[in-house]
Amino acid sequence: MTIKEINRLFPFQKLFNMLLGLSFVLQFVIILYNHFSGYFVLESTTHFFGRLFFGTLLSIAGAFLMAYPDLFFIQYLNRKFPWGKQLFQRVVLQFVFTLMVGTLASLLITLTSHFLGRYTNDLYYVFFYNALIGSVVNLLLMVLLEAWLHFNESSLSKEKAEKLEKELSQIKFEVLKNQINPHFMFNSLNVLSELIESNVEDAQKFIDEFSAIYRYVLETIEKPVVTLDEELGFVRSYFFLQQMRYGQSLMLNIDVPARMIKLFLPPLSLQVVLENAIKHNVINESNPLKIGISEEEGWLVVENNIQPKVSAVKSTGVGQDNMVKRYAMIGTKIPKFVVKTSHYSVKLPLIKPEENESSNR
């Protein structure tokens, strides 16, 4: 753990306030105990407040000398000896370390105090007395820091989980919204209307594929991943509807090895890629749009020729951003978007079954 990470979990001002309060209470108790026990009798109220002030200053310096080593050591133990797995080793190491740091810090503060104003008592006795107090105080400080660290990490984890849940909800909404895109619905219904008048058999096929698309959306919207086989089945239904509109001006070639179809990817990933290709390119008999889905070194590659529309609406990139976020939630690999001279390709990582199982744990 670096100083920057410590300051993130333990803001300096909050740490200072806690150590100041602890130092003040400690000195208040010690000074009164020494006075009433006869170990160091106070001469006046002014003498009391003077000792309280300087004692608190020295104590807070000692508290910082103990706090930062404690924080570094707690984080080391969290990595090497987590509470849930190696309890005995952790307790022993933490106890020994706490006593050592408390003793060293108290000795340093005792020497500083002796330099500023010599003790009248035997110095070795003062060393022992202060080392005992420092060790007990550091044990208390270690408990407080452990509790604070646990609380902060729980709060950060909760905040991160809420943020991820919010992002996931937004992604789901965007995916669902894209599937119920008004333009897509309008165009599909127009095509269906024409088919009903001209070809009832094709109209029935269109309705079947249209239903398959929305059934797939409803079944997979809550799933983190689906098999490539399932996704390609959806793609064929989606492309069937698009070809009813564009005819042979829109072409799709799927060339994926059988060994790949049981691998996983986020649902509707291919739909985002295909929709972008259709949305941003000219599609007519003179300029057919050719889309290919193939495999390259374990990645799924979707490529299309580039023939941009003159009045094309500028892409917002929301679909791509959401797809990247969805991949980031389930693994380390994210999609790659490559623009070539005449072709545009998207490379989607495919997840192996064992990787999918580990990401769900």
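The crossing of helices H7 and H8 is left-handed. A crossing gets that label when the near helix is turned anticlockwise from the far one by less than a right angle, and it is right-handed if the turn is clockwise. Helix H7 covers residues 200–220 and helix H8 residues 228–246, and the two pack at about 140° with their axes 9 Å apart. Here an axis is a line fitted to C-alpha atoms, for helices over the stretch in contact, and angles run from 0 to 180 degrees between N-to-C directions. H7 and H8 are therefore oblique to each other. In this scheme, angles under 35 degrees are roughly parallel, those over 145 roughly antiparallel, those from 65 to 115 roughly perpendicular, and the rest oblique.

Before going on, a word about the model. It is a predicted one, in which local features need pLDDT of at least 70 and side-chain atom pairs count only at pLDDT 80 or more, while totals for chains, interfaces and linings use all residues. Residues are numbered from 1 along each chain as its sequence is written, and side-chain values use heavy atoms, with hydrogens and water left out. Helices (H or I, at least four residues) and strands (E, at least two) are DSSP runs, numbered from the N terminus.

**Helix packing**

The axes of helix H2 (residues 12–37) and helix H3 (residues 45–80) come within 8 Å and cross at roughly 130°. That makes H2 oblique to H3, and the crossing of this pair is right-handed. H3 also meets H4: their axes come within 9 Å, with a crossing angle of roughly 160°. H3 and H4 are therefore roughly antiparallel to each other, and H3 passes H4 in a right-handed crossing.

**Salt bridges**

How many salt bridges are there? The count comes to 4, where a salt bridge is a side-chain nitrogen of Lys or Arg within 4 Å of a carboxyl oxygen of Asp or Glu. Among them are these:

| Pair | Closest N to O distance |
|---|---|
| Arg-90 and Glu-146 | 2.7 Å |
| Glu-295 and Arg-259 | 3.5 Å |

Arg-90 forms its salt bridge with Glu-146. Arg-90 lies in helix H4 and Glu-146 in helix H5 (residues 123–179), so the pair ties together parts that are 56 residues apart in sequence. Are these two residues buried or exposed? Both Arg-90 and Glu-146 are buried, on a scale where buried means under 20% relative accessible area, exposed over 50%, and partly exposed in between (1.4 Å probe, protein chains only).

Next comes the salt bridge between Glu-295 and Arg-259. Glu-295 lies in strand S4 and Arg-259 in the loop between strand S2 (250–255) and S3, so this pair links parts 36 residues apart in sequence. Glu-295 is partly exposed, with a relative accessible area of 22%, whereas Arg-259 counts as exposed at 58%.

Glu-296 lies in strand S4 and Lys-347 in strand S7 (residues 343–349), so the pair ties together parts that are 51 residues apart in sequence. Glu-296 is partly exposed at 38% relative accessibility, and Lys-347 is partly exposed at 22%.

**Backbone angles**

Most residues other than glycine have a negative phi. Leu-268 has a positive phi of about 70° although it is not a glycine. This leucine, Leu-268, lies in the loop between strand S3 (264–265) and helix H9 (269–280), and at 1% relative accessibility Leu-268 counts as buried.

What is the phi of Glu-297? Phi of Glu-297 is near 55°, again a positive value in a residue other than glycine. Glu-297 lies in the loop between strand S4 (289–296) and strand S5 (299–305), and Glu-297 is exposed, with a relative accessible area of 74%.

**A surface patch and a contact in space**

Which residues form a nonpolar patch on the surface? Phe-88, Val-92, Phe-95, Val-96 and Met-100 do, with about 500 Å² of accessible area together. Patches are made of residues with over 30% relative accessible area and no salt bridge; like charges are joined within 9 Å, and nonpolar side chains (Val, Leu, Ile, Met, Phe, Trp, Tyr) within 5 Å. Accessible areas come from the Shrake-Rupley method with a 1.4 Å probe, and for residues only the protein chains shown count as cover. Val-96 is found in helix H4 (residues 87–116) and counts as partly exposed at 42% relative accessibility.

Finally, Leu-144 is found in helix H5 and is partly exposed, with a relative accessible area of 33%. Leu-144 and Met-18 are 126 residues apart in sequence and 9.5 Å apart in space, C-alpha to C-alpha.
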